[in-house]
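Reader: I am new to protein models. Could you walk me through this one, feature by feature?

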Amino acid sequence: MGFIETYKTQGAKAAIIGDYDWKFLCSPRWPYCKNEGSSEYKPPPFYAHDESLSLAVALSIGLQHALCMSTNIITPAILVFNVVMSYFPETYDPSLGDEQAANREAALDTAQYLVSASLICSGLGTMMQVSTIPIPFTKYQIGTGVLSTMGTANQYNAIFPVILYDIMSRGYDLNEAWGKLLGTIMVCVWIEGAISLIPNRILKKLCPPYVLGVTVILIGVQLTGAGMKFWGGGVGCSGCAATACPCLGNGEVLLGFGSGPYIGMGFAVFLLFLVVEIFGSPFIRNTMVIWGLLGGYAIAAMSSYEGARFVTTDRMDSSPAFTFLWIYTFPIGIHGPAIIPMLFAFCVTAMETFGDVTATEHASRLRPSGPDHAKRIQGGLLGDTIATFFAALGTTPPNTTLSQNNGIVSLTRCASTNAGFACGVWLLIFGVIAKIGAWILSIPNCVLGGALCFLFANIIMSGIKLIGFDRIDRRTHYVVAASLALGVGTALVPAFSQPGIGASAEKPNQWWPYDPDMSDALNSFRVGVMISINTPYFIGSIAAIILNLIIPHDEVDPEELEVEREWAEYDSEAETEDKYVEDPEEPDPTEPHKAEKEEKEEVISGDQVLAEQPQELPEEASKLD
């Protein structure tokens with residue numbers, strides 16, 4: 001309606017092109033060529049969440065959001081399927097025979113379809129989440145009504161490979177295992193819907209920002225490790241750094257894990273990120289990951305190693321032009337041992353969504369408190385639930401809000417939900433074009449790994465930022481340190497609590513070993529508990545929540561708060577002074593405050609002199625007498 005109303009009232013030019021400052025959006029930066037004292041470029045005006053955009057502005061900013069999200073969305077299917085295939089080399093190692101090679105190609109075909117389907121489901125979920133859909137006869141709503149984009153959740157990458165490994169160890173093939181995983185998602189996701197009905201004050205007490213920060217950091221730590229395996233050549237060869245175990249997934253190049261050409265390709269992506277960050281325009285910097293990936297792909301396409309190519313086009317040549325949901329189908333089932341870790345994973349997703357929606361409100365200049373805030377949180381959690389349920393029906397992994405898009409809102413100064421709808425349209429287009437999914441599967445693992453390491457490290461930074469939202473006192477310091485000790489320790493040494501499942505189920509070195517006499521129900525419960533304990537963000541988050549509830553709060557020292565406030569004011573004044581020393585022509589706004597402070601000091605010193613004089617008067621008076 002906004003576009004149509006603008007067309008009727010202001011004409012076609014305003015409705016199609018608008019008045020956005022395109023120079024700001026597209027101008028590169030030249031930080032080392034600026035003249036000393038030159039002023040910075042003025043940013044464009046701010047567009048509120050309910051403000052209408054022209055078609056060109058909506059499509060442009062929506063494209064930035066879609067490109068920023070794309071790497072997040074495509075990662076789960078590629079990562080999960082590569083890890084699962086590495087667990088079963090006897091089935092998927094092409095060097096063992098034609099049958100294994102055919103199995104691997106079939107699995108990659110399925111992963112290619114899931115990449116496209118994930119883009120489609122993310123587009124539909126985004127359009128629902130940026131809306132406000134009231135539920136009849138209730139006070140609840142679906143969607144946040146702000147620019148909260150939805151994409152495939154990466155936190156499940158930590159548990160899905162282990163769950164699929166457990167299912168396939170029981171005699172199921174990969175398609176059957178994926179169907180059981182989807183069915184378990186459809187059942188467990190409703191715990192997030194139940195959480196959406198809990199009052200905000202209770203959620204804040206259970207999960208303050210530093211508890212959520214611990215969870216996000218541990219998700220990033222574990223996923224960064226997976227990214228490093230891709231960077232070194234692939235997940236399947238990461239445990240055998242020798243030429244006898246060549247890494248697959250890098251075109252025709254077959255080298256051992258950590259070989260120089262692999263490391264160099266991934267490092268080239270990192271260098272491209274640096275160039276984009278220094279010189280890129282706001283549009284390019286907002287979509288840094290995709291441009292780094294494209295640049296790394298171009299370098300790999302032009303490179304070879306002893307005549308072997310890093311990039312082959314066989315998959316793109318054989319791919320159809322278009323695709324959609326349900327081109328591949330999977331037999332739906334439920335896997336009992338996956339219920340416990342899946343329920344907690346959805347609780348973690350709810351915690352993350354709570355923080356993401358709040359951050360979107362900050363970026364959108366909306367008050368992150370009060371009844372409107374509570375409705376957005378409730379609508380966002382329920383939107384997550386419904387989007388994930390329908391994503392599972394569409395054969396894809398769960399959906400959730402993505403926090404990195406809040407940076408685009410801040411940089412472009414556009415919080416309009418029109419851009420969110422445009423983002424959803426772009427994601428649908430990316431998903432429907434099957435050649436895009438085929439191209440993504442042709443990216444060498446070493447190139448993809450360089451991008452994934454940077455992407456997952458940004459998740460760690462988001463968690464650190466969450467921890468810093470509140471004042472860090474001794475209690476907070478202890479909760480965070482103890483929780484990270486358990487979580488990071490498990491990520492670095494997973495054998496500390498390795499699940500006894502599959503081929504290792506009967507090994508006696510498990511803290512809860514398999515017993516042939518135990519019932520199937522008890523064994524399923526054992527496997528579920530062990531998968532959960534072996535997941536870093538599970539054990540770390542549980543510890544953080546429990547410690548936050550049982551450790552009493554310390555009494556705040558007013559003098560310590562006053563010292564912290566004074567230092568903050570001092571730092572602020574020092575930054576302002578440094579700025580105006582660099583540009584002496586500009587008036588220093590701190591001067592009036594300095595004058596007031598000096599005048600106050602003079603008055604105080606005068607009062608002190610007057611106060612000291614009466615102490616000397618009695619002597620003078622005695623002499624006069």
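Reader: What does D109 meet in a salt bridge?

Author: First the general idea: side chains of opposite charge can pair when their charged atoms come close. Here the side chain of D109 meets that of R315, with 2.6 Å from N to O. D109 belongs to helix α6 and R315 to helix α15, so this pair ties together parts that are 206 residues apart in sequence.

Reader: Is R315 buried or exposed?

Author: R315 is buried, because its relative accessible area is 14%, and buried means under 20%.

Reader: Which residue forms a salt bridge with R315 at 2.9 Å?

Author: That residue is E105, and the 2.9 Å separates the closest N and O atoms. E105 is in helix α6 (residues 98-129) and R315 in helix α15, so the two tie together parts that are 210 residues apart in sequence. With a relative accessible area of 42%, E105 is partly exposed.

Reader: How many salt bridges are found in the whole structure?

Author: A search of the whole structure gives five. Another one of them joins E252 and R309, whose closest N and O atoms are 2.9 Å apart. E252 sits in the loop between α11 (209-231) and α12 (260-279), while R309 is in strand β5 (residues 308-309), so the pair ties together parts that are 57 residues apart in sequence. E252 is partly exposed because its relative accessibility is 36%, and R309 is partly exposed at 41%. Through shared partners, salt bridges also join E105, D109 and R315 into one network.

Reader: Let us turn to the backbone. Which residues have a positive phi although they are not glycine?

Author: The general idea is that most residues other than glycine have a negative phi. In this model, F137 has a positive phi of about 65°. F137 is in the loop between β1 (133-134) and β2 (141-142), and at 89% relative accessibility F137 counts as exposed. W326 also has a positive phi, of about 65°. W326 is found in the loop between α15 (314-318) and α16 (339-363), and is partly exposed, with a relative accessible area of 47%.

Reader: Where is confidence lowest, and where is it highest?

Author: The general rule is that where pLDDT is low, the predicted coordinates should not be read in detail. For this protein the mean pLDDT is 82, and 84% of the residues reach 70 or more. Confidence is lowest in helix α26 (residues 591-624), at a mean of 45, and highest in helix α8 (residues 174-188), at 95.

Definitions and conventions:
Residues are numbered from 1 along each chain as its sequence is written. This is a predicted model: local features need pLDDT of at least 70, side-chain atom pairs count only at pLDDT 80 or more; totals for chains, interfaces and linings use all residues. Side-chain values use heavy atoms; hydrogens and water are left out. Helices (H or I, at least four residues) and strands (E, at least two) are DSSP runs, numbered from the N terminus. Buried means under 20% relative accessible area, exposed over 50%, partly exposed in between (1.4 Å probe, protein chains only). pLDDT is the predictor's confidence in each residue, from 0 to 100. A salt bridge is a side-chain nitrogen of Lys or Arg within 4 Å of a carboxyl oxygen of Asp or Glu.
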